[in-house]
Amino acid sequence: MDDWRSYDEVAETYERVHAPRLSEPARDLIALAAPPPGGRVLDVGTGTGVAAEAGEAAVDDSGLTIGIDPSLGMLATGRRARPKLRFAAASAIDLPFRDGTFDVVTANFVISHFTKYQTALYDMIRVLRPAGRLAVSSWSDKKDELQRTWGEMVETVVPREMLQPVWAAAAPWHERFTDRAKLEEALLDAGLRHVRTEPREYHFRYSLDEYVSGLEIWATGRFVRGMLGEGQWEDFRKKVRGVFAERFPDPLNDYRDVWLAVGTKP
């Protein structure tokens, strides 16, 4: 893997493993934002487009939905999976749209990944029309046995002190936005009004192989692969699958808690 920070090389696995699961919270996020029929929706950090797809369905044929992402690989996979959607390569900072363009802006599990979330929120709000809504989602749960087992396996090949900068680079605000009050505070400080959050629990069901494949394409998996090289990486993958098979049923159930948040531009 040329650059562990890039999603380009893992987009197909993301679409196969994660997109079907993330589509449910994406639909709930769009429902919370409630774009009007014929409205305009921007989905920031769209990945392969599951939230953009939900936005497109909500505004119907007379509306406009655009999904943006900095990863060309994710966008290319999204175009193949959802050829009717509109995609653009862009990041949340310095959005290539005029002020007041959209009725709704969404960011599905994206806010914790911004290096400067305040700047990203500012620009997302800038492209909202007055009375438009910004809706974001954030994981609210703590590590469970599945995640602890993965972390334990990763630390058998990479020291924890080397992994801490990886976590900080990949999702610097993850811990902050597991807290409901801090998520609301961030939206209020950005200038939104009528901010509210709703807790949701999702039940994802995976085969063991799917679940581990999904872990492998997140930040720690991509980093470890780059550190080990392909030969040692394959040995590590086999070892991980063996440990998961010993500890967990196949298929396995993954329960995740989420905050959905929405606020209105004055």
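Student: Which residue lies over the face of Tyr7?
Tutor: Arg222, at 4.1 Å from the ring centre. A charge counts as over a ring if NZ of Lys or CZ of Arg is within 6 Å of the ring centre and within 35 degrees of the ring normal. Keep in mind this is a predicted model: local features need pLDDT of at least 70, side-chain atom pairs pLDDT 80 or more, while totals for chains, interfaces and linings use all residues. Numbering runs from 1 along each chain as its sequence is written, and side-chain values use heavy atoms, without hydrogens or water.

Student: And what sits over the ring of Trp139?
Tutor: The charged end of Arg256, 4.2 Å from the ring's centre.

Student: OK, how many aromatic pairs are there in the whole structure?
Tutor: The search finds 12, counting Phe, Tyr and Trp (six-membered) rings with centres within 6.5 Å; planes under 30 degrees apart are stacked, over 60 edge-to-face, the rest tilted. One of them is Trp4 with Phe223, edge-to-face at 5.6 Å and 85 degrees. Trp4 lies before helix H1 and Phe223 in helix H9, so this pair ties together parts 219 residues apart in sequence. Helices here are DSSP runs (H or I, at least four residues), strands likewise (E, at least two), numbered from the N terminus.

Student: Is Trp4 buried or exposed?
Tutor: Buried, at 19% relative accessible area; buried is under 20%, exposed over 50%, partly exposed in between, with a 1.4 Å probe and protein chains only. Phe223 is buried too, at 11%.

Student: How are the rings of Phe109 and Trp139 arranged?
Tutor: Their centres are 4.0 Å apart and their planes at 10 degrees, so they're stacked. Phe109 is in the loop between strand S4 and helix H4, and Trp139 in strand S5, 30 residues apart.
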